[in-house]
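Please open the model in your viewer and keep the sequence panel beside it.

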Amino acid sequence: LDEPTAVLTPKEIEDFLEGLPVIKLPGVGPKTNLILQNLNIKKIGELSRINEENLKNYFGEKFSKYLFLVSHGIDNSEVEENNEIKSISREMTFEEDTNDKDLIHNSLINLVNDVYEEAKDYNLSFKTITIKVRYKNFETHTKQISLKEFKNDKEIILEKGKELLKQFLNDKKIRLIGIRVSNLKEK
């Protein structure tokens with residue numbers, strides 16, 4: 001077994017959690033986050049200072065206890081190892097923002113090659129292809145397409161990637177492009 005790289009004291013854990021948004025806590029999704037926001041609880045530190053009894057009115061006994069404990073850095077749930085790959089992606093930031101279509105397409109080809117090789121190495125097929133574009137002003141967009149069946153074909157990634165990329169090729173200069181395959185399964 002690997003040894004931990006750091007051991008934190010309870011005080012260090014609470015200091016670390018103090019300024020993080022409550023949505024970062026496991027089990028706190030959009031609905032719970034909205035309730036907490038309405039209670040003017042935006043940070044984990046603020047949640048940790050709320051009396052557990054007061055939370056019961058909003059979340060019930062069991063979940064209130066969980067929120068109280070986890071906001072103090074205490075999580076008694078079992079640790080599960082999950083090595084499952086959810087997606088494979090590559091991104092490239094251009095040295096200078098560009099609208100040079102040849103440069104953008106050649107970069108996409110290189111990214112597709114890398115993504116395909118990794119999928120092949122892991123013996124994975126994919127069903128979803130996503131393109132990501134970040135413009136000069138940092139405005140970021142993604143578009144995706146889902147295939148009818150699982151594939152492991154570099155040409156399909158490139159073809160669909162180019163189709164999706166076309167929607168973003170205009171006069172705006174591009175800072176970054178990326179490609180991702182997801183919805184994966186072993187071949």
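**A loop residue and its surroundings**

Begin by selecting I50, which lies in the loop between α3 (44–48) and α4. Bear in mind from the outset that this is a predicted model; the protein averages a pLDDT of 89, and 94% of the residues score at least 70. I50 has a relative accessible area of 25%, and because this value falls between 20% and 50%, the residue counts as partly exposed. If you now show what surrounds I50, leaving out residues up to four places away in sequence, you will find that I50 touches I41, L55 and F68.

**Along helix α4**

Next select S71, whose place is in helix α4. Is S71 buried or exposed? S71 is buried, because its relative accessible area is 2%, and the cut-off for buried is under 20%. Apart from neighbours within four places in sequence, S71 is in contact with L17, I44, L47 and S48.

Now display α4 (residues 52–71) together with helix α2 (residues 30–38): their axes come within 11 Å and cross at roughly 125°. The two helices are therefore oblique to each other, and α2 passes α4 in a left-handed crossing. To see the contact itself, show the side chains of T32, I35 and L36 in α2 and those of Y58, F59 and F63 in α4. Coloured by class, this contact of α2 with α4 has 5 nonpolar residues, 1 polar residue and no charged residues.

**A second pair of helices**

Move on to helix α5 (residues 101–121) and α6, whose axes come within 10 Å and cross at roughly 140°. That angle makes α5 oblique to α6, and α5 passes α6 in a right-handed crossing. Select I104, H105, L108, I109, V112, N113 and Y116 in α5, which meet K154, I157, L158, G161, K162 and L165 in α6. By class, the contact of α5 with α6 has 8 nonpolar, 3 polar and 2 charged residues.

**Colouring by confidence**

Confidence is highest in helix α6 (residues 154–166), at a mean of 96, and lowest in helix α1 (residues 10–18), at 84. Where pLDDT is low, the predicted coordinates should not be read in detail.

Notes
Residues are numbered from 1 along each chain as its sequence is written. This is a predicted model: local features need pLDDT of at least 70, side-chain atom pairs count only at pLDDT 80 or more; totals for chains, interfaces and linings use all residues. Side-chain values use heavy atoms; hydrogens and water are left out. pLDDT is the predictor's confidence in each residue, from 0 to 100. Helices (H or I, at least four residues) and strands (E, at least two) are DSSP runs, numbered from the N terminus. Axes are lines fitted to C-alpha atoms, for helices over the stretch in contact, and angles run from 0 to 180 degrees between N-to-C directions. Angles under 35 degrees count as roughly parallel, over 145 as roughly antiparallel, 65 to 115 as roughly perpendicular and the rest as oblique. A crossing is left-handed if the near helix is turned anticlockwise from the far one by less than a right angle, and right-handed if clockwise. Contact means heavy atoms within 4.5 Å. Ala, Val, Leu, Ile, Met, Phe, Trp, Tyr, Cys and Pro count as nonpolar, Asp, Glu, Lys and Arg as charged, and the others, Gly among them, as polar. Buried means under 20% relative accessible area, exposed over 50%, partly exposed in between (1.4 Å probe, protein chains only).
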